[in-house]
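Trainee: Hey, I've just opened this one. Could you walk me through it?

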Amino acid sequence: MFKKLQINRQKRLFILIGFLNVLITNAILQISLIFLSTFASTILSQTVNVVIGYFFYGKKVFKFNKLSNQVFNKYLILAIFIWSLNFFSIQLFFYFGVNKNITAAAMIPFLVVISYLTQKNFVFK
């Protein structure tokens, strides 16, 4: 039962920190999409996401006390994957006439699930 409470706490904390991270990251993405290319906008937003996420998810959510180059490399692989998925999805839906900003916002839930499961089972394990 304690393990279940710990996992539920972990999920709530992930969502809370993720919510703040998404607000910051998505604000940067939405604003930069007005002025920059999709490529540059998603790179910029993912860079901010990596910096915030690596520290807060590692230390606060998954209680990983010893962040190392190996852990960072795993986190970076995840970030590159998330960025790629985000970039290509925005481009694909834009090709079919869907607004880039709407697609970017709609991608959030999918990216969150992928991120949580990968961090829990691969990056910070």
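**Overall size**

Mentor: With 125 residues, the protein would have a radius of gyration near 14 Å as a compact globule, and its 15 Å agrees with that. That radius is taken over C-alpha atoms, and the globule rule is 2.2 Å times the number of residues to the power 0.38. One caution: this is a predicted model, where local features need pLDDT of at least 70, side-chain atom pairs count only at pLDDT 80 or more, and totals for chains, interfaces and linings use all residues. Residues are numbered from 1 along each chain as its sequence is written, and side-chain values use heavy atoms, leaving out hydrogens and water.

Trainee: What box do the C-alpha atoms fill?

Mentor: Roughly 50 × 30 × 20 Å, along the principal axes.

Trainee: Switching topic: is Ser 32 buried or exposed?

Mentor: Ser 32 is buried, because its relative accessible area is 6%. Buried means under 20%, exposed over 50%, and partly exposed in between, using a 1.4 Å probe and protein chains only.

Trainee: Where does Ser 32 lie, and what does it touch?

Mentor: Ser 32 lies in helix H1, residues 2–35. Leaving aside residues up to four places away in sequence, Ser 32 touches Ser 41 and Leu 44; contact means heavy atoms within 4.5 Å.

Trainee: What share of the whole protein is buried?

Mentor: Buried residues make up 38% of the 125.

Note on methods. Helix = DSSP H or I, 4+ residues; strand = E, 2+ residues; numbered from the N terminus.
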